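Good morning. Please have the sequence and the model open while I talk.

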Amino acid sequence: FPSRLSLSLCLLGINKMAGIFPQDPALPIGSTLIATCSVSPDLGLHASSLFWSLNGRRLPSSSYSVLSPTALSVTLPGLPASRQRSGDNLVCHNHGGHVLAGSCLYIGMPPMKPVNLTCWSRNTKDLTCRWAPGGQGETFIKTKYTLKYKLRWYGRERECEEYSATQPYSCYIPRDLALFTPYEIWVEATNQLGSATSDVITLDILDVVTTDPPSGVSVSRVGDLEDHLSVRWESPPALKDFLFQAKYQIRYRLEDISDWKVMEDVGNLTSCRLAGLRPGTVYFVQVRCNPVGIYGSRRAGIWSEWSHPTAASTPHSERVLSGSCDSKSGDSNSTLRRELKQFFGWVRNNAYGCGGMSIKLYDQWRVWMQKSHKTRNQVGKDLRPE
């Protein structure tokens, strides 16, 4: 039978001339169902001429019982889970295959308690909550999830109305939220076999704030330092009028590599120095924000999304390791380079990051080293024979 026809049978129900009992039953997996098709004597049909089908497949006559000239039953033992959430189609036919009546079988499980309920507010203006179905999450019949909330000490119970079409098990509350007062929030799951309620969570909107990503992110070179980039950004615009202490994170990656390296401890700064980079290389940089202590809240907020990637390249290295006409000078330079390499390693380990005197020391030494290389290279060129 065409699937389109079978899907429409759940809307058919019982007509005036024939009907199936029970009509559209909901049963646990493994149940045994005895269904009866009754036809009007006006149809002139004998029950022995009828047959049954389930989801378009004819059921064996050994499962039938003629109860009367106008009533034929079928026994379905050990019913498996419904193949589709709209129900399995049990249909009674006359001898020519014409549909007389249909019933939808909903075979599944009652819902289990929803779990992992979490909520967050963007810029204190709204609230989004997400959860997961309990157990395996599959009841095989349609389950309705309802997010409910109310002010902890007063106020009426309310239901979230904007459920996401793209993110299952989530709902969005866009307005009319109170600050400085805790909410109680929970999820109820209901289907034709039962219902279940999640644990109730209690939260203050100010404790679950996330922000828009930092704005105005810019990445620039630091003079001629070939392994440095400077990153600057602005606080999230929507929170400029709030009392809060932000935390920031930076992550960056090479142009041709997908893995990001994260700088965890940027603090409340709105600028940062990336050190130890590859010369002459394009880097992508992103920044995100965590609002801490909004209006005196004792909890850290929730990390924002990362800002859009901003790209910049480090300068190409100007080091030229050319030979020298003076072998003694060359030996001296080799020793100096070894000493500088050791010093460079120490400074890099201690200067990496976003602040402190070590960065200034690092900058001074790097500039001096580059100038010394340029000077030695120029001297080498001047001493070459004409």
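This is a predicted model: local features need pLDDT of at least 70, side-chain atom pairs count only at pLDDT 80 or more; totals for chains, interfaces and linings use all residues.

Disulfides come first. A disulfide is a covalent bond between the sulfur atoms of two cysteines. How many disulfides does the count come to? The count is 3.

Take Cys-37 and Cys-92, whose sulfur atoms are 2.1 Å apart. Cys-37 lies in strand E3, residues 33–39, and Cys-92 in strand E8, residues 88–93, so the pair ties together parts that are 55 residues apart in sequence. The link is left-handed, with -80 degrees about the S-S bond. Cys-37 and Cys-92 are both buried.

Next, Cys-119 is joined to Cys-129, again by a disulfide, with an S to S distance of 2.1 Å. Here Cys-119 sits in strand E10 and Cys-129 in strand E11, residues 127–132; the two cysteines are 10 residues apart. The angle about this S-S bond is 105 degrees, and the link of Cys-119 and Cys-129 is right-handed. Both cysteines, Cys-119 and Cys-129, are buried.

Then there is the disulfide of Cys-160 and Cys-171, with sulfur atoms 1.9 Å apart. Its torsion is about -95 degrees, so the disulfide is left-handed. Cys-160 is in the loop between strand E13 and E14, while Cys-171 is in strand E15, residues 170–173, so the pair ties together parts 11 residues apart in sequence. Cys-160 and Cys-171 are buried too.

There is also Cys-289, which is buried with a relative accessible area of 0%.

Now the sheet. Strands of a sheet pair through backbone hydrogen bonds, either parallel or antiparallel. In which order do the 5 strands of the open sheet run? The order is E14-E15-E11-E10-E19, with mixed pairing. Strands E14 (162–163) and E19 (209–210) are the edge strands, and each pairs on one side only. Strand E10, residues 115–122, pairs with E19 in the parallel sense over 2 bridges. Ser-121 has Val-209 in E19 as its bridge partner.

Finally, the backbone. Where is Asn-116 found? Asn-116 is in strand E10. Its phi is near 55 degrees, a positive value in a residue other than glycine. Is Asn-116 buried or exposed? Asn-116 is exposed, because its relative accessible area is 61%, and the cut-off for exposed is over 50%.

Asn-55 also has a positive phi, about 55 degrees, although Asn-55 is not a glycine. Asn-55 sits in the loop between strand E4 (51–54) and strand E5 (57–58).

Last, Phe-21 and Pro-22 are joined by a cis peptide bond, with omega about 0 degrees. Pro-22 is in the loop between strand E1 (18–21) and strand E2 (26–28).

Definitions and conventions: Residues are numbered from 1 along each chain as its sequence is written. Side-chain values use heavy atoms; hydrogens and water are left out. Two strands pair if DSSP finds at least two bridges between them. Helices (H or I, at least four residues) and strands (E, at least two) are DSSP runs, numbered from the N terminus. Buried means under 20% relative accessible area, exposed over 50%, partly exposed in between (1.4 Å probe, protein chains only). A disulfide is a pair of cysteine sulfur atoms within 2.5 Å.
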